[in-house]
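Please read the following with the sequence and the structure open side by side. The text goes from the strands to the ligand and then to the charged side chains.

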Amino acid sequence: MTADREAVALFRELTGSAPFGMWSAPGRVNLIGEHTDYNEGFVLPFAIERRTYAAVGIRDDGRIRVVSSLDPRAPVEAALSDLPALFPDRRDEIAEWARYPLGIAWALLTSTSADAQAVSGVDIALASDVPVGAGLSSSAAIEGAIASALNDIWGLGLRRVALAHAGNVAENTAVGAPTGVMDQMASMLGERDAAIFLDCRSLDASVVELGLARAGLELVIVDTRVQHAHSTGGYGDRRAACERGAQLLGVPALRDLTIADLPRAQLLLDDVTYRRVRHVITEDARVQETVRTLQERGPRAIGPLLDASHASMRDDFEISVPELDLAVDTARAAGAVGARMTGGGFGGSALALVDHALVPTVSAAVEAAFLAAGFATPHVFTVRPSEGAHRDG
Ligand code: ADP
Ligand code: MG
């Protein structure tokens with residue numbers, strides 16, 4: 001069953017009736033620009049055709065009830081007027097997954113003048129074909145679907161950028177995952193065969209045509225199935241290193257530095273902090289170069305930038321894992337135009353830019369290499385840059 005039908009079926013199971021409406025938002029893949037978002041720099045993600053669907057009905061009792069196909073027997077319910085007391089202090093009382101939908105409702109209510117006593121209650125059934133924890137941002141997809149639905153149902157009139165921001169507030173404060181705003185912006189603003197060039201300081205976003213279809217290129221994802229955990233460990237550590245670097249170099253964020261600052265950074269910083277900073281500075285430059293290259297020379301010319309991005313994450317930022325390195329190296333050896341890990345790191349997925357005719361060759365080579373290395377079988381599939389969040393019906 002497709003995810004949209006699954007959401008409707010689940011809604012019927014929950015409520016015994018048909019939903020009032022359906023909203024959806026996509027996962028995303030970051031073409032280039034990793035760990036630059038919280039450094040107020042540049043990213044270039046695109047929305048993918050895999051989406052999370054929210055079938056939504058209206059209740060007259062001011063309560064919110066959510067259920068997900070991931071755990072269909074365990075709906076979670078709360079009074080909308082209780083949300084300010086639950087987030088963030090008592091969030092442990094709510095099942096982890098439900099902190100995303102309830103957190104969005106909370107973020108929208110607290111960031112607007114909407115009255116939690118006056119807005120209508122909602123029943124929400126969720127189903128998705130975005131794999132969870134694979135680096136494709138199932139979290140932004142769930143946030144985007146619900147933010148879009150509540151914005152319409154509650155008549156908040158928020159624009160897409162504001163909805164993306166609310167999703168990020170929910171993820172940071174209600175869920176407690178210290179992530180940047182890139183995922184939500186891609187999920188809200190995506191367009192077909194295009195990426196979103198985002199300045200994470202000003203939140204200025206522009207659509208950059210990818211032109212993959214015309215160039216006969218595909219984007220192949222290798223989901224290594226190595227799980228990452230955003231709220232713990234390496235991610236927070238990298239973020240802290242960036243903050244430390246910016247502070248020691250006397251700038252508000254690493255975004256304020258360029259390649260010309262690297263010699264000074266090397267003098268002032270310890271080796272590890274220096275390499276973390278160097279990744280961010282060079283990655284910001286690569287994102288801008290990628291946008292220029294796409295506009296002037298087309299997608300086939302960005303391969304070396306993707307490769308350089310991977311090397312920087314592997315060697316300077318140290319967020320790759322052997323499975324990601326093998327996926328990238330094998331894809332390239334099998335003829336990919338360029339390849340890199342994508343997402344926060346420590347697992348998740350790699351991305352390869354591949355000629356349409358070579359997709360089976362590259363896929364088979366990666367699968368064979370994983371088998372030979374004794375790694376779990378990866379999921380290899382293509383993604384199409386697609387439309388952002390919208391109402392489906
Ligand atoms: P990613 O965004 O890379 O997939 P995250 O750790 O950021 O990984 O977000 C995954 C979490 O988001 C899941 O563990 C779950 O709590 C929540 N989530 C995402 N999609 C759904 C869904 N369809 N139903 C319920 N929870 C979901
Ligand atoms: Mg996420």
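Predicted model: local features only at pLDDT ≥ 70, side-chain atom pairs only at ≥ 80, totals over all residues.

Two strands count as paired if DSSP finds at least two bridges between them. Strand β6, residues 194–199, runs antiparallel to β2 and is joined to it by 2 bridges. In this pairing V43 has L198 of β6 as its bridge partner.

Strand β1, residues 21–32, is antiparallel to β2, and 10 bridges join the two. One of the positions to look at is N30, whose bridge partner in β2 is P45. Strand β5, residues 121–128, also runs antiparallel to β2, with 8 bridges between them. Here I58 stands opposite V122 of β5.

The ligand comes next. Ligand 1 is surrounded by 15 residues, and the closest are S68, G133, S137, S138 and S139. Three of these serines can be followed atom by atom. In the side chain of S68, an N or O atom is 2.6 Å from a nitrogen atom of ligand 1. For S138, a polar side-chain atom lies 2.6 Å from an oxygen atom of the ligand. S139 likewise places a polar side-chain atom 2.9 Å from an oxygen atom of ligand 1.

Charged side chains are the last topic. Over the whole structure, a search finds 26 salt bridges. One of them joins the side chains of E34 and R340, with 2.5 Å from N to O. This pair links distant parts of the chain, since E34 is in the loop between β1 and β2 and R340 is in strand β9, residues 338–342, the two being 306 residues apart. Are these two residues buried or exposed? E34 has a relative accessible area of 2% and therefore counts as buried, the limit being under 20%. R340 is buried as well, because its relative accessible area is 0%.

Another salt bridge brings together the side chains of E93 and R90, at 2.9 Å from N to O. E93 has a relative accessible area of 54%, so it is exposed. R90, with a relative accessible area of 39%, is partly exposed.

The salt bridge between R255 and D199 leads back to β6. The closest N and O atoms of this pair are 2.8 Å apart. Distant parts of the chain are linked here too: R255 is in the loop between α8 (234–248) and α9 (262–268), D199 is in strand β6, and 56 residues separate them. R255 is partly exposed, with a relative accessible area of 21%. D199 counts as buried because its relative accessibility is 13%.

Some salt bridges join into a network, which links R59, D61, R63, R65, E77 and D123.

E323 gives a contrasting case. It lies in helix α12, residues 322–333. Which side chain of opposite charge is nearest to E323? That side chain is R225, at 11 Å. A salt bridge requires a nitrogen within 4 Å of a carboxyl oxygen. E323 has no salt bridge, yet it is buried. Apart from neighbours within four places in sequence, E323 is in contact with T224, V226, F370 and F375.

Notes:
Residues numbered from 1 in each chain as written. Chains lettered and ligands numbered in written order. Heavy atoms only, no water. Helix = DSSP H or I, 4+ residues; strand = E, 2+ residues; numbered from the N terminus. Buried < 20%, exposed > 50% of the residue type's maximum accessible area, 1.4 Å probe, protein only. Lys, Arg positive; Asp, Glu negative; His and termini not counted. Contact = heavy atoms within 4.5 Å. Near = heavy atom within 4 Å. Polar contact = N/O pair within 3.5 Å; in protein donor to acceptor, adjacent residues only side chain to side chain.
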